[in-house]
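Here is a short report for a reader meeting this protein for the first time. Look at the sequence and the model, then read on.

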Amino acid sequence: MEPRLIEQNFGVWEGTSPRNAPEFLKAKKDFLNRYGNGESMFELAQRIYNLLDELRQDENKTYLLVAHNGIARVVESYFHDMTNEEYSAAGIKNCELVEYRFE
């Protein structure tokens with residue numbers, strides 16, 4: 001179990017509004033501000049990027065990361081350049097398996 005893979009803390013948005021509500025979608029594009037008492041997209045990305053940097057060190061291992069869509073979005077941005085719009089719209093389907101390779 002890797003504690004850095006916990007879901008993003010959305011603070012004031014936790015369980016209070018649908019994830020497709022216009023207010024939430026607008027807030028999701030603001031990467032540096034925290035969600036009330038939650039964490040910012042920037043803080044989330046930093047903890048996931050640090051984890052991926054560590055995993056990259058051992059080239060002889062294969063890892064399976066199981067996480068929510070917010071984490072999957074950050075992983076995608078680690079491996080592919082994305083605009084803010086692409087990042088905020090990114091996601092994977094439930095139980096989807098995506099393969100990435102460190103190069």
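**Basis.** This is a predicted model, in which local features need pLDDT of at least 70, side-chain atom pairs count only at pLDDT 80 or more, and totals for chains, interfaces and linings use all residues. Residues are numbered from 1 along each chain as its sequence is written, and side-chain values use heavy atoms, with hydrogens and water left out.

**Overall fold.** The protein has four helices and zero strands. Helices (H or I, at least four residues) and strands (E, at least two) are DSSP runs, numbered from the N terminus. Along the sequence the pattern reads α-α-α-α.

The C-alpha atoms fill a box of roughly 45 × 25 × 25 Å, taken along the principal axes.

Of the 103 residues, 31% count as buried. Buried means under 20% relative accessible area, exposed means over 50%, and partly exposed lies in between (1.4 Å probe, protein chains only).

**Aromatic pairs.** How many aromatic pairs does the structure hold? The structure holds five. A pair of aromatic rings is described by the distance of the centres and the angle of the planes. Rings of Phe, Tyr and Trp (its six-membered ring) pair if their centres lie within 6.5 Å; planes under 30 degrees apart count as stacked, over 60 as edge-to-face and the rest as tilted.

Among the pairs is Y49 with Y78. This pair is edge-to-face, at 5.1 Å centre to centre and 85 degrees between the planes. Y49 lies in helix α2 (residues 41–56) and Y78 in helix α3 (residues 69–79), so the pair ties together parts 29 residues apart in sequence. Y49 is partly exposed, at 28% relative accessible area. Y78 is buried, at 16%.

F79 and Y100 make another pair. Their ring centres are 4.7 Å apart and their planes stand at 20 degrees, so the pair is stacked. F79 sits in helix α3 and Y100 in the segment after α4 (84–89), 21 residues apart; this pair links distant parts of the chain. F79 is partly exposed, at 22% relative accessibility. Y100 is partly exposed too, with 24%.

Ring pairs link Y49, Y78, F79, Y100 and F102 into a cluster.

**A charge over a ring.** R73 lies over the face of Y87, at 5.9 Å from the ring centre. Such a charge is counted if NZ of Lys or CZ of Arg is within 6 Å of the ring centre and within 35 degrees of the ring normal.

**Salt bridges.** The structure holds four salt bridges. A salt bridge is a side-chain nitrogen of Lys or Arg within 4 Å of a carboxyl oxygen of Asp or Glu.

E2, R4 and E54 are linked in a network of salt bridges. R4 lies in the segment before α1 (22–27) and E54 in helix α2, so their pair ties together parts 50 residues apart in sequence. E2 is partly exposed, at 26% relative accessibility. R4 is partly exposed, at 22%, and E54 is partly exposed, at 46%.

Are E39 and R47 buried or exposed? E39 is buried, with a relative accessible area of 14%. R47 also counts as buried, at 15%.

**Surface and reach.** L64, V66 and L97 form a nonpolar patch on the surface, with about 390 Å² of accessible area together. Patches are made of residues with over 30% relative accessible area and no salt bridge; like charges are joined within 9 Å, nonpolar side chains (Val, Leu, Ile, Met, Phe, Trp, Tyr) within 5 Å. Accessible areas come from the Shrake-Rupley method with a 1.4 Å probe; for residues, only the protein chains shown count as cover. V66 is found in the loop between α2 and α3. V66 is exposed, with 66% relative accessible area.

L25 has its place in helix α1. L25 is partly exposed, at 34% relative accessible area. The C-alpha atoms of L25 and F102 are separated by 31 Å, and these residues are 77 residues apart along the chain.
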